[in-house]
Amino acid sequence: MSVSIMDSEPKLETAPFDPRFPNQNQTRYCYQSFVDYHRCQKIKGEDYEPCEYFKKVFSSVCPGDWVEKWGEQLENG
């Protein structure tokens, strides 16, 4: 049996609408999701699955350079 190409491709998703950030500029949504992800991991532990929601959001909304810079800042204290 042949496998459909569509079945093997990953499903692309973006962050859902958040009424706290209704404007076109999503900078605050990006930053708040990054902060919420790390706060969630700190409080609940790194293996807590619901924290991954925030990671999905900031990975989708934030520019990669910002995430790298913030990650370096976290590592440096």
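Predicted model: local features only at pLDDT ≥ 70, side-chain atom pairs only at ≥ 80, totals over all residues.
Helix 2 and helix 3 cross in a left-handed sense. Helix 2 covers residues 27–44, and helix 3 covers residues 52–61. Where they pack, the angle between them is about 150°, and their axes are 8 Å apart. Angles over 145 degrees count as roughly antiparallel, so helix 2 and helix 3 are roughly antiparallel to each other.

Which residues of helix 2 and helix 3 make the contact? From helix 2 come Tyr29, Cys30, Ser33, Phe34, Asp36 and Tyr37. From helix 3 come Glu52, Tyr53, Phe54, Lys55, Val57, Phe58 and Val61. Sorted by type, the residues of this contact are nine nonpolar, one polar and three charged.

The pair belongs to a protein with four helices and zero strands. Read from the N terminus, the order of elements is α-α-α-α. The protein has 77 residues, and 21% of them are buried.

Next comes the interior. In soluble globular proteins, nonpolar side chains tend to be buried together. In this model the largest nonpolar core has eight residues, namely Cys30, Phe34, Tyr37, Cys40, Cys51, Phe58, Cys62 and Trp70. Helix 2 gives the most to this core, with four residues. Some core members also take part in the helix contact described above: Cys30, Phe34 and Tyr37 on the side of helix 2, and Phe58 on the side of helix 3.

Cys51 is another member of the core. What does cysteine 51 touch, once residues up to four places away in sequence are not counted? Its partners are Tyr37, Cys40 and Gln41. Among these, Tyr37 and Cys40 are listed in the core along with Cys51.

The last stop is glutamine 32, which has its place in helix 2. Apart from neighbours within four places in sequence, glutamine 32 is in contact with Phe21 and Arg39. Glutamine 32 can also be placed relative to phenylalanine 54: the two are 22 residues apart in sequence, while their C-alpha atoms are 8.9 Å apart in space.

Key. Residues numbered from 1 in each chain as written. Heavy atoms only, no water. Core = buried A, V, L, I, M, F, W, Y, C linked by side-chain atoms within 4.5 Å. Buried < 20%, exposed > 50% of the residue type's maximum accessible area, 1.4 Å probe, protein only. Helix = DSSP H or I, 4+ residues; strand = E, 2+ residues; numbered from the N terminus. Contact = heavy atoms within 4.5 Å. Axes fitted to C-alpha atoms, helices over the stretch in contact; angles between N-to-C directions. Parallel < 35°, antiparallel > 145°, perpendicular 65-115°, else oblique. Left-handed = near helix turned anticlockwise from the far one by under 90°. Nonpolar A, V, L, I, M, F, W, Y, C, P; charged D, E, K, R; others polar.
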